[in-house]
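I opened the model to go through its overall build and a few single residues. My entries follow in the order I looked things up.

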Amino acid sequence: MTGPVFVQNKIALSKGSLTIYTAGAGRPILCLHPAAGLAIRSVAKTLALNHLVICPIVPGYEDTPYLDGLTTVPGVADLLAEYINGHLNSPLTVVGHSMGARLGAWLTVRHPHLVERLVMMAPAGFRPIDAPPLSFEPEIFIKQLYAHPERRVPETRTPEQLAANRRAMAHYGIGAPRDEELGALIGDITCPTLIIGGSKDVRVPPESIHDLHSRIKNSRMDFVDDAAHSIETDQPDIAAAMVAKFLS
């Protein structure tokens, strides 16, 4: 889908500049990108038809500079809280995919007054403790990411930019399959929460979705059929409709 045009802005914060892309108008929604980097796809585009959608870039990704002293996911959550407090001045909805869902959960745990609704799509950091190690061997990795690799959007970033995004992932310690600290706090989330899994996702398998649903009391869970970890690539229209229905 084409949809609204997202415009880049740079926001001055206490630690440095935060790059954001925005589109639409209305009540704000924060869309948080996965560990691969920023990809404005079906969910953000659909939501921007009726809302102000804000897509920040985690510092260090997509050729943006790292910020002094910012080395953890909770630290990034605090940076986003500073942006929300200083520039939006109202609670908002947070939608995150994979790493973005983990970041959104941290934002909700640390700053609950800023998040009125939370959507966690294929949330990273909650892999079952007895699950086999994650594979990053290219052929296996692609099969685990996509049920339909033929639906991938052509890559426009250079190999150097992709490598820099992988270094950013390591910078924040995102590669671990389990975030034990967040897992111990996840039950503190009280806002309405939607947890979405891919029916064929082996990186965040269905048991992870069920476990999160059991521990977040005001939550519901849903699964996108015929989708692996990259839900928006495998089933873009279904994923967007699912999120929009929950927020309506």
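Predicted model: local features only at pLDDT ≥ 70, side-chain atom pairs only at ≥ 80, totals over all residues.

Entry 1, a loop residue. I looked up aspartate 63 and found it in the loop between strand S4 (52-56) and helix H2 (73-88). Its phi is near 65°, a positive value in a residue other than glycine. Most residues other than glycine have a negative phi. At 56% relative accessibility, aspartate 63 counts as exposed, because the cut-off for exposed is over 50%.

I placed alanine 122 in the loop between strand S6 (115-121) and helix H4 (138-145). Is alanine 122 buried or exposed? Alanine 122 counts as buried, at 0% relative accessibility.

I traced H5 over residues 159-171, which makes 13 residues. From its first C-alpha to its last, H5 reaches 18 Å, close to the 18 Å expected at 1.5 Å a residue. I listed the buried residues of H5 as Ala163, Ala164, Asn165 and Ala168. Just after H5, I found glycine 173 with a positive phi of about 65°.

I found glycine 198 in strand S7, residues 193-198. With a relative accessible area of 1%, glycine 198 is buried. Which residues does glycine 198 touch, not counting those up to four places away in sequence? I read off Phe223, Val224, Ala227, Ala228 and Ile231.

I counted nine helices and eight strands. The radius of gyration is 17 Å, close to the 18 Å that the globule rule gives for 248 residues, so the chain is as compact as a globular protein of that length. The C-alpha atoms fill a box of roughly 45 × 40 × 35 Å along the principal axes. Of the 248 residues, 52% count as buried. Among contacts with a separation of 6 or more, 76% join residues 24 or more positions apart.

The accessible surface comes to about 11200 Å², and 56% of it belongs to carbon and sulfur atoms. I noted 22 positive and 25 negative charges, whose mean positions are 2 Å apart.

How values were computed:
Residues numbered from 1 in each chain as written. Heavy atoms only, no water. Helix = DSSP H or I, 4+ residues; strand = E, 2+ residues; numbered from the N terminus. Rg over C-alpha atoms; globule rule 2.2 N^0.38 Å. Buried < 20%, exposed > 50% of the residue type's maximum accessible area, 1.4 Å probe, protein only. Contact = heavy atoms within 4.5 Å. Areas by Shrake-Rupley, 256 points an atom, 1.4 Å probe, with all protein chains shown as cover. Lys, Arg positive; Asp, Glu negative; His and termini not counted. Charge placed at Lys NZ, Arg CZ, Asp CG, Glu CD. Expected span 1.5 Å × (residues − 1).
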